[in-house]
Amino acid sequence: MSISQSSQSFGNHLILGISGTSLNDDDKRALNELKPIGVIFFAKNFLDGVPYPVWLEQFKNLIHEVRQYTERDSIFTTLDHEGGRVVRTPLPITRFPQAYLLQSHAYEVAKATALELKSLGINLSWSPVADIFSNPQNPIIGARAFGTTPETASQAAREYYQGLREEGILGSAKHFPGHGDTSTDSHLELPILNLSLEDLRNRELIPFQTLIQSQIPLIMTAHILFPQIDPEVPATLSKIILNDILREELGFQGVIVSDDLDMKAVSEMFMQSGTVVRAFHAGCDLFIVSRNINSSSLERTYKIAEDFSASLDNGSLDAAVVEAARERVEKLLQATPQYSVSTLDKETLVKNAELAISCCL
């Protein structure tokens, strides 16, 4: 499949998943043709059940291959690494508990986590969760959130982000404008939250405001429909939510990144022509396609890239909007360290394991 130059430029806005512990032919083709500006890793990208030096060397080779095929010296190397059930890496990388249990340890846990991430060559962690544990029936957020109130969630999320930042790891607040009150999983369907803008201002938006004031560089969108605010589209596609609220009202000037486009809440929408246009015009700068959920997602990624290209060519996608998004992403990448993979010493690992235990006491 040939790909146009403008389709290739979609890579400036793409975080792509890799299929396994080494690159297959599809990976190589996608990385070389689309040239994504970053990659997202999952458990499938790490050898399991082998000694630490073995899986670490394999992962080092994988990152080297990614750089080779994208022909990019600087990329975002990213990982969902919240603690609790959201940990992708094999042992001896520390199993810190979920955010809700961190309480007064958020800052020191984040610093320890950041040291471990740097040793893996990772420079961006998709954390902290800025959602609030407000609905006990929530199947997807729950104790991934730092607190049950805006105040407790805000304080711990801010401290966690400060710990990451001080050790040189980018953080991303998620999932804007708030996923904590849902009762359905956006991996499986589109959640609907019947909250007013005033409801959000009084609760959901507060942790995001706190993190914006702390200069968090990225904010991730939620694939959630808020019918009282924008009855037409989920937050990821909503200009009201991303531009009017996040950009204008809250004053966020950093990079807005979509949650995974493979999630069933939006995956079919992005197969429709014009959806990527709507997402850019709403305010998205960067898009994640994990290839971790949807087996046909590589084909879908190409389709989105081609729709992006056709929309630029026919003028339905504003080139100035795309350029502004590209500049925000590029500015962030230029300030992002590129880490080499290295072995952690035993003393650090033991110290971090003791910290993880103390969080649960």
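Which residues in H4 meet Leu349, Asn352, Leu355 and Cys359 in H12? Keep that in mind while you get set up. You're looking at a predicted model, where local features need pLDDT of at least 70, side-chain atom pairs count only at pLDDT 80 or more, and totals for chains, interfaces and linings use all residues. Residues are numbered from 1 along each chain as its sequence is written, and side-chain values use heavy atoms, with hydrogens and water left out.

**Stop 1: H4 and its partners**

Select residues 106-119 for helix H4 and 346-359 for helix H12. Those labels come from DSSP runs numbered from the N terminus: helices are H or I with at least four residues, and strands are E with at least two. The residues of H4 you were asked about are Glu108, Val109, Ala112 and Glu116. "Meet" here means contact, that is, heavy atoms within 4.5 Å.

Notice the spacing as you click along H4. An α-helix has 3.6 residues a turn, so residues three or four places apart point the same way.

The H4 and H12 axes are 11 Å apart, and the helices pack at an angle of about 145 degrees. Axes are lines fitted to C-alpha atoms, for helices over the stretch in contact, and angles run from 0 to 180 degrees between N-to-C directions. H4 passes H12 in a left-handed crossing. Left-handed means the near helix is turned anticlockwise from the far one by less than a right angle; clockwise makes it right-handed. The residues of this contact divide into five nonpolar, one polar and two charged. In this scheme Ala, Val, Leu, Ile, Met, Phe, Trp, Tyr, Cys and Pro are nonpolar, Asp, Glu, Lys and Arg are charged, and the others, Gly among them, are polar.

Among the contact residues are Tyr107 and Lys111 of H4, along with Tyr160 and Leu164 of H5. By class, this contact has eight nonpolar, three polar and three charged residues.

**Stop 2: the cores**

Select Phe10, Phe41, Phe176, Ile219, Phe280 and Phe287: they have the most contacts inside the largest nonpolar core, which has 91 residues. Helix H3 (residues 52-70) gives the most to this core, with seven residues. A nonpolar core is a set of buried Ala, Val, Leu, Ile, Met, Phe, Trp, Tyr and Cys residues joined through side-chain atoms within 4.5 Å. Buried means under 20% relative accessible area, exposed over 50%, and partly exposed in between, using a 1.4 Å probe and protein chains only.

Zoom in on Phe41: leaving out residues up to four places away in sequence, the residues it touches include Phe46, Phe59, Leu79 and Ile122. There's also a second, separate core of 17 residues, including Phe42, Leu124, Val255 and Val257.

**Stop 3: H9 and its surroundings**

Go to helix H9, residues 275-282.

Thr275, Val276, Val277 and Phe280 in H9 meet Ile304, Asp307, Phe308 and Ser311 in H10.

Just after H9, Gly283 takes a positive phi of about 140 degrees. Gly283 is also one of the residues touched by Arg247. Arg247 sits in helix H8 (residues 239-249) and is buried, with a relative accessible area of 14%.

**Stop 4**

- Pro92 lies in the loop between strand E3 (76-79) and H4.
- Lys174 and His175: another cis peptide bond, with omega about 5 degrees. His175 is in strand E5 (residues 170-176).
- Glu71: not a glycine, yet its phi is positive, about 55 degrees. Glu71 is exposed, at 57% relative accessible area.
- Gln215: also not a glycine, with a positive phi of about 65 degrees. Find Gln215 in the loop between H7 and strand E6 (218-221).
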